[in-house]
Every structure is written in structure tokens, then in C-alpha cells.
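Please keep the sequence and the structure in view while reading.

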Amino acid sequence: MNTSNQATSLRASLLGHSQWSLVGRASEDSASRSFALTPLPFHVGRRAGLSLTLPRQTVSGRHAEIFAVAGGLAVRDLGSTNGTYVNGQRLHGDRSLETG
């Protein structure tokens, strides 16, 4: 999931039996790390206090959320200015996420 076409790339991974994580860099100058997707829904944005705060001007205050669906996860944009992208394609509605 990219929070915009210029933002840091994050990918979903299944850890163990039922714990998901995002793997990537929270900012351009940081090392890659894993972010546990708990609790769900998992909120991403620039605002402090969210599940994951990305300190980038291209990221809206409350940008996107990741939530549980039958058999996996999905992501939705929360009306962000710059959009949310999955594999280079801008989201329009909810989008299922796959591992990797």
C-alpha cells in the first residue's frame, strides 16, 4: 500500500497464524521495519495518535484505514487529498490486500 504515488511503500505480511503486519519505511530517511496491524481497524495518517503516523506532507491527517474482511484484510482511503495507492493503482472504494 502506498499512501500516495510518492509516499513510502508498505506491504502486508501474515505473521504466524493470524497476526498481520506492514513492512516498509515510515519515512524516506528511516530503515525498513515491521508495524503490527493491531488493533484493527488500523488507521494511517499524518495525525499523532493514529495506529501509524507518517510525517509526510503528501499524507493527510487521517489518510487510510486497513480493516478485517472474511479471510484477510482490505484498505480504504478516508478522503485523503493525494489518494491511496495499492501496487501503483489509486483506490476507488475498498480494496482487498494480499500478502507480499
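Two strands are said to pair if DSSP finds at least two bridges between them. In this predicted model, strand β7, residues 72–77, is joined to β10 by 3 bridges, and the two run antiparallel. One of the contacts along this pairing is that of Ala74, whose bridge partner in β10 is Ser96.

The pairing of β7 with β10 belongs to an open sheet of 5 strands, in which the order is β5-β4-β6-β7-β10 and the pairing is mixed. Strands β5 (52–53) and β10 (95–97) stand at the edges of this sheet, and because each has a single partner strand, one side of each is left without a neighbour in the sheet.

**Charged contacts**

Side chains of opposite charge can pair when their charged atoms come close. How many salt bridges does the structure hold? There are 2 salt bridges in the structure, and they are set out below with the distance between nitrogen and oxygen.

| Salt bridge | N to O distance |
|---|---|
| Glu65 and Arg76 | 2.5 Å |
| Arg76 and Asp94 | 2.9 Å |

Glu65 and Arg76 form a salt bridge in which the closest N and O atoms are 2.5 Å apart. This pair links distant parts of the chain, since Glu65 lies in strand β6 (residues 64–69) and Arg76 in strand β7, 11 residues apart. The side chains of Arg76 and Asp94 also meet in a salt bridge, at 2.9 Å from N to O. Here Arg76 lies in strand β7 while Asp94 lies in the loop between β9 (89–90) and β10, so this pair ties together parts that are 18 residues apart in sequence. Through salt bridges that share partners, Glu65, Arg76 and Asp94 are joined into one network.

Val44 counts as buried, at 1% relative accessibility.

**Backbone geometry**

The peptide bond from Thr38 to Pro39 is cis, with omega near -10°, while the bond that joins Leu40 and Pro41 is a cis peptide bond with omega of about 0°.

A further backbone feature concerns Asn87, which has a positive phi of about 50° although it is not a glycine. Asn87 is found in the loop between β8 (85–86) and β9, where, at 70% relative accessibility, Asn87 counts as exposed.

Technical notes:
Residues are numbered from 1 along each chain as its sequence is written. This is a predicted model: local features need pLDDT of at least 70, side-chain atom pairs count only at pLDDT 80 or more; totals for chains, interfaces and linings use all residues. Side-chain values use heavy atoms; hydrogens and water are left out. Helices (H or I, at least four residues) and strands (E, at least two) are DSSP runs, numbered from the N terminus. A salt bridge is a side-chain nitrogen of Lys or Arg within 4 Å of a carboxyl oxygen of Asp or Glu. Buried means under 20% relative accessible area, exposed over 50%, partly exposed in between (1.4 Å probe, protein chains only).
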